[in-house]
Amino acid sequence: MEHFLAALAGLSDPLNLIILIGGTAVGILIGAMPGLGSVLAITLALPLTFVMGPEPSIALLLGLYAGSVYGGSLSAILINTPGTPQAAATVFDGYPMMQQGKGDFALGWATVASTIGGVISVIVLIVAAPALARLGLKFGPIEYFAVGVFALTCVVSVSENNLVKGVLACVLGLLAATIGQDPLTGDVRMHFSNFNLMAGIALVPFLVGLFALSEVIWRVAENVSAADRPTSTAGFRFPSMSDIAARWRVFGKSALIGTGIGTLPGVGATASSMVSYAEARRSSPNRENFGKGEPDGIIASETANNAVTGGALVPTLSLGIPGDPITAVMLGALIIQGITPGPRLFIENADLMVFIFLSLFVVNLALLPLGALMGPIFSRAIRAPEPVLLAVIVVLLAIGTFSVNYNGFDLLVMLAAGLLGFAMRLLRFPLAPVVIGFVLGPVIEQSLRQGLVIARGDFLYFLQQPIALGLFVASGLFMAWAAWRHWNDRRTNKPDQKDGAK
């Protein structure tokens, strides 16, 4: 009870509330801008967290996270372009409703569905995460190493159907994490006679450059013209309570699908919305209207992708395993604050954990008034010239990155990481595995070497620990399943290729 009261006192702080609501509003705006997305929203805020305490930092990141996921639905409905990949399925029925003159109802359904999905995911986070945290006292270096190995297997899920490129990207992140001082001996490694590299590569400029700056460079290279964007306006209208109650099955099923898939490391909200949409279309009595402006389609997509926000935090907070690329960046943000996600987080930072639960709950409730306010306004904001928008983003990135350490070398790291990210996008390498390797690399290395000290160099001792053995077996089974799926896909595609050749 004392932890709840302490967290409630922190959330009642006017500054924290302002940051929470303001972060949600900014997240909605960024999420609604096609091509920017949740990762950009969070990486933009990373430098700010250095000058803020843990509670306001987490409030800001959670607001940006949930707000940006919801914001993608606005552009999906209004201009037939999902602001984020998570809203891809929302386009199927959202824009047809807009064309039918029901854009106000489409925005209302998306807002209600996002709120319900987010609230259910918070409840699951509250129930499931502490249960996992009870294992905390049983975790030592060997168990942490096993968790790190298991976390690396999620590279398979975020490799965008190219496992080889995903593994290579992860190895690149692991190598980048080894630059600087040895965690045990203090020896300097791979500094290339550069004094600035002796402390290693800073997390903030690396993440900001890899995701945000590379996105800006990519969009400039694409030379997308804003003149071709459709301009549409819409009001906002909430559906009636009777209509909401009549679709409770769609809400419930989609929320469970989104939360369940969100807890699986590396799967993400895009997959959950697609799975939920497919299931809703299969089971809905209005299945013939899907793709023509059916509210059930919007409900399925938006409930699921917003339910992922809480679900993805379960492995992130409880085990230190990022649930998706967005929580991989949030994992880095927590580490910046000196908070180490993992089984002991609930023991060592109980007040902070309750604060996260309450904040995420408030953020999802805030989507209702903010959605009603920003939905109509967005139709004007989306017309801003893209060159101006990208220029403002670059300036914010540079100022934010430099302000962390007041070190010009960080700007060079950001630029190098941005060019690296652009090159990887050009060569169709996924970016998420790089972050996973970079964030988990130090944890894996330190835990492995500490474990070997405990085992006196005998790696077989690792397999004699029940928790570690279970995680190793789970990692092996997951990799075997991924290899079988990859082999099966290649085998089933061969007849299609032959038929195409004929």
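## Basis of the description

The model is predicted, so that local features are described only where pLDDT is at least 70 and side-chain atom pairs count only at pLDDT 80 or more, whereas totals for chains, interfaces and linings use all residues. Residues are numbered from 1 along each chain as its sequence is written, and side-chain values use heavy atoms, with hydrogens and water left out.

## The chain as a whole

The chain has 20 helices and two strands, where helices (H or I, at least four residues) and strands (E, at least two) are DSSP runs numbered from the N terminus. Of its 502 residues, 53% count as buried; here buried means under 20% relative accessible area, exposed means over 50%, and partly exposed covers what lies in between, with a 1.4 Å probe and protein chains only.

The chain exposes about 21,500 Å², of which carbon and sulfur atoms supply 66%; accessible areas come from the Shrake-Rupley method with a 1.4 Å probe, and for residues only the protein chains shown count as cover. Among contacts (heavy atoms within 4.5 Å) between residues at least 6 apart in sequence, 78% join residues at least 24 apart.

Because 24 of its 25 residues are buried, α13 is largely enclosed by the rest of the structure. The helix is followed by Gly320, whose phi is positive, near 75°.

Within α13 lies Asp296, which counts as buried at 3% relative accessibility. Leaving out residues up to four places away in sequence, Asp296 touches Arg247, Val250, Ala280, Ser284, Asn286 and Phe290. Another buried aspartate, Asp93, has 0% relative accessibility and belongs to helix α5 (residues 91–99). The side chain of Asp93 reaches the backbone nitrogen of Glu294 at 2.9 Å, which falls under the polar contact criterion (a pair of N or O atoms within 3.5 Å, where within protein one must be able to donate a hydrogen and the other to accept it, and residues adjacent in sequence count only if both atoms are side-chain atoms). Apart from neighbours within four places in sequence, the contacts of Asp93 include Tyr277, Asn289, Gly297 and Ile298.

## Helix α8 and its buried face

Helix α8 (residues 163–177) has 15 residues and reaches 21 Å from its first C-alpha to its last, close to the 21 Å expected at 1.5 Å a residue. Its buried residues include Gly166, Ala169, Cys170, Gly173, Ala176 and Ala177. Seen down the axis of α8, the buried residues fall within an arc of 120°, so they line one face of the helix; the arc is that of the directions from the helix axis to the C-beta atoms. An α-helix has 3.6 residues a turn, so residues three or four places apart point the same way.

The cover over the buried residues of α8 includes α7 (141–152), α18 (408–426) and α19 (432–454). Ala176 is buried at 12% relative accessibility and, not counting residues up to four places away in sequence, touches Ile201 and Phe438. The C-alpha atoms of Ala176 and Ile201 are separated by 7.3 Å, although the two residues are 25 residues apart along the chain.

Most residues other than glycine have a negative phi. Arg428, in the loop between α18 and α19, has a positive phi near 65° and is exposed, with a relative accessible area of 68%. Arg456, in the loop between α19 and α20 (466–501), likewise has a positive phi, near 55°, and counts as exposed at 81% relative accessibility.

Leu469 is placed in helix α20 and is partly exposed, with a relative accessible area of 35%. Not counting residues up to four places away in sequence, Leu469 touches Phe462 and Leu463. Leu469 and Glu143 are 326 residues apart in sequence, yet their C-alpha atoms are 8.7 Å apart in space.

Notes: Expected span 1.5 Å × (residues − 1).
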